Amino acid sequence: MSEEILANLYRIEIPLPRSPLKALNSYVIKDTERNLIIDTGWNQEECMEAMQAGLSELGVDLRRTDFFITHLHADHFGLLSNLVTDTSKIYFNEPDAGRFRAGFRWDDFAHFARLNGYPESELQASLQSHPGFKFRPNSDLVFSILKEGATIRFGDYVFKCIETPGHTSGHMCLYEPNRKVFVAGDHILNDITPNIQLWSDDRNPLEEYFDSLDKVSELDIELVLPGHRSIFRNCRERIQELKRHHQKRLDEIISILEKGDKHAFQVASEMSWDILCDSWDLFPVSQKWFATGEAIAHLKYLKEKGVIRTEMRERRRVFSLDKNHAIY
Ligand SMILES: [Zn+2]
C-alpha cells in the first residue's frame with residue numbers, strides 16, 4: 001500500500017482504472033506537527049479506497065494534514081474535497097487556481113475543438129469522458145497560493161517552489177536542496193512522456209515546457225519523485241530525452257503537412273501514438289481528445305516559429321507549411 005522512499009517520506013500508489021497512466025503517485029510526509037500530502041488521485045471510489053488504506057497504514061491523521069497540488073488535473077487533485085478538513089491548507093499555484101475557479105469550460109472547449117476540425121459526432125462523448133469533468137473535486141476549495149521561490153517546511157524537509165509551466169499553465173514542482181530531491185508532478189516522467197496540449201489561443205505550452213525543462217536542468221537533483229510510474233535518478237538525461245521526443249514530434253508534423261494542408265484533428269490522426277490500437281478510428285474518444293490537444297500544442301509552437309501558417313476554411317482552422325521557413 002505505502003512505501004517509504006526517504007525518512008518520513010512515503011509513496012501511496014493510487015490506481016487510475018482504465019487510464020493508460022495506470023496509477024498516480026501520492027507522496028506523504030509524516031511529521032509530529034503537520035503532515036503533507038502531495039497530489040491525491042481522482043474523485044472516485046477506487047482512488048479513495050487506496051488513499052484511505054495507505055493513510056491508515058501510515059497512521060496519518062487528516063485533521064493534522066495539509067496538501068500540495070502540483071497542477072490542475074483531476075488525477076492529481078480530484079480526491080481533495082474528500083480529504084480536506086477545517087484545518088487543512090491546500091497549497092496551489094495561481095494560474096491553475098484561476099482555471100479551477102472558472103469551472104470546466106465546456107463551451108470554450110467545444111468551440112475550440114470544432115475550430116480545429118474535431119467531428120461533431122465525437123465531441124460530446126469526448127467531453128463527457130474527459131477525466132477533468134468526470135473526476136473533478138466536488139466542492140469549492142480554498143487555496144493558499146504559492147509562487148516561485150516560496151518555501152514550505154514539513155518535518156526536516158524544506159521545499160522550494162519551482163514554477164514549471166507547460167503541462168499546465170501553472171504547473172509547480174518542489175525542490176529539496178539539502179536532499180537534492182525533486183517532486184516533479186507531471187513535468188518530468190521517466191516511463192512515459194508528459195502530455196503537452198493546448199485548448200485555447202492564449203498560450204504556447206510547448207515553448208513554456210522547453211523553457212521549464214531547461215530551468216530544471218540547472219538544479220542539482222539526485223532523486224526525482226514523479227506523478228506517475230517509477231521514481232528515478234537520471235534527471236538531466238531524461239530532460240534531454242524529452243526535448244528530443246518533442247523535436248521528433250515537430251519533425252513528424254512538418255512531414256505530415258508536406259503532404260497537404262490539414263486541420264489539427266487530421267494532423268493528430270496521422271501522427272504516431274504509443275497506444276495499442278490498429279487505427280485512429282478505433283482510438284478511445286478520450287484519447288482522441290488528448291492526441292488532438294497535443295497536435296494543437298505542437299502546431300502552435302511551429303506557427304509561432306514562423307514555420308507554418310493558418311487560415312480559416314469552412315469555419316475551420318487549416319495549417320499549411322510556410323515554404324520560406326524550412327528551419328525551426
Ligand atoms: Zn497532468
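Trainee: Why does the arrangement of the 4 donor atoms around the zinc ion count as irregular?
Mentor: This is a predicted model, and in it the angles subtended by the 4 donor atoms run from 87 to 174°, which makes the arrangement irregular. Four donors count as tetrahedral only if all angles lie between 85 and 135 degrees.

Trainee: Which residues coordinate the zinc ion?
Mentor: His 71 through NE2, His 73 through ND1, His 167 through NE2 and Asp 186 through OD, at 2.1 to 2.4 Å.

Trainee: And what spacing do the donors follow along the chain?
Mentor: The pattern is H-x1-H-x93-H-x18-D.

Trainee: Is His 71 buried or exposed?
Mentor: His 71 is buried, as its relative accessible area is 0%. His 73 has 25% relative accessibility and counts as partly exposed, because buried means under 20% and exposed over 50%.

Trainee: Switching to strands. How many residues of β10 are buried?
Mentor: 5 of the 5, in a strand covering residues 172-176, so β10 is largely enclosed by the rest of the structure.

Trainee: Which of them point which way?
Mentor: Met 172, Leu 174 and Glu 176 point one way from β10, while Cys 173 and Tyr 175 point the other way. In a regular strand, side chains alternate between the two faces of the sheet. Here the residues on both sides are buried, Glu 176 included.

Trainee: What does β10 pair with?
Mentor: β10 pairs with β9, residues 157-163, in the antiparallel sense over 4 bridges. β10 also pairs with β11, residues 181-185, again antiparallel, over 3 bridges.

Trainee: Which residues are bridge partners there?
Mentor: Lys 160 has Tyr 175 in β10 as its bridge partner. Leu 174 has Val 183 in β11.

Trainee: What about the hairpin of β10 and β11?
Mentor: There are 4 residues between the two strands, and Lys 180 takes a positive phi near 55°.

Trainee: What is the strand order in the open sheet?
Mentor: The order is β1-β2-β3-β4-β5-β6-β7, 7 strands with mixed pairing. The edge strands are β1 (2-6) and β7 (144-145), each of which pairs on one side only.

Trainee: In which sense do β6 and β7 pair, parallel or antiparallel?
Mentor: Parallel, over 2 bridges, with β6 covering residues 90-92. Tyr 91 stands opposite Ser 144 in β7.

Trainee: Which strands does helix α1 lie across?
Mentor: Helix α1, residues 45-58, lies across β1, β2 (9-15), β3 (23-29) and β4 (35-38), and runs at about 155° to β2.

Trainee: Now the packing. Which residues have the most contacts inside the largest nonpolar core?
Mentor: Phe 182 and Ile 188, in a core of 53 residues. Apart from that core lies another of 29 residues, including Trp 42, Leu 80, Ile 90 and Phe 100.

Trainee: Back to Ile 188: what does it touch?
Mentor: Leaving out residues up to four places away in sequence, its contacts include Phe 182, Pro 194, Leu 213, Phe 232 and Leu 242. Arg 238 is also one of the residues that Ile 188 touches.

Trainee: Last one. Where does Leu 16 lie?
Mentor: Leu 16 is in the loop between β2 and β3. Leu 16 counts as buried, at 1% relative accessibility. Beyond its neighbours within four places in sequence, Leu 16 is in contact with residues including Trp 42, Cys 47, Asp 75 and His 228. The C-alpha atoms of Leu 16 and His 76 are separated by 11 Å, with the two residues 60 apart along the chain.

Notes: Residues are numbered from 1 along each chain as its sequence is written. This is a predicted model: local features need pLDDT of at least 70, side-chain atom pairs count only at pLDDT 80 or more; totals for chains, interfaces and linings use all residues. Side-chain values use heavy atoms; hydrogens and water are left out. Donors are N, O and S atoms within 2.8 Å of the metal (3.2 Å for Na, K and Ca); water is not among the atoms, so sites may look incomplete. Four donors count as tetrahedral if all angles lie between 85 and 135 degrees; four count as square planar and six as octahedral if opposite donors are over 155 degrees apart and all others between 65 and 115; anything else is irregular. Buried means under 20% relative accessible area, exposed over 50%, partly exposed in between (1.4 Å probe, protein chains only). A nonpolar core is a set of buried Ala, Val, Leu, Ile, Met, Phe, Trp, Tyr and Cys residues joined through side-chain atoms within 4.5 Å. Contact means heavy atoms within 4.5 Å. Two strands pair if DSSP finds at least two bridges between them. Axes are lines fitted to C-alpha atoms, for helices over the stretch in contact, and angles run from 0 to 180 degrees between N-to-C directions.
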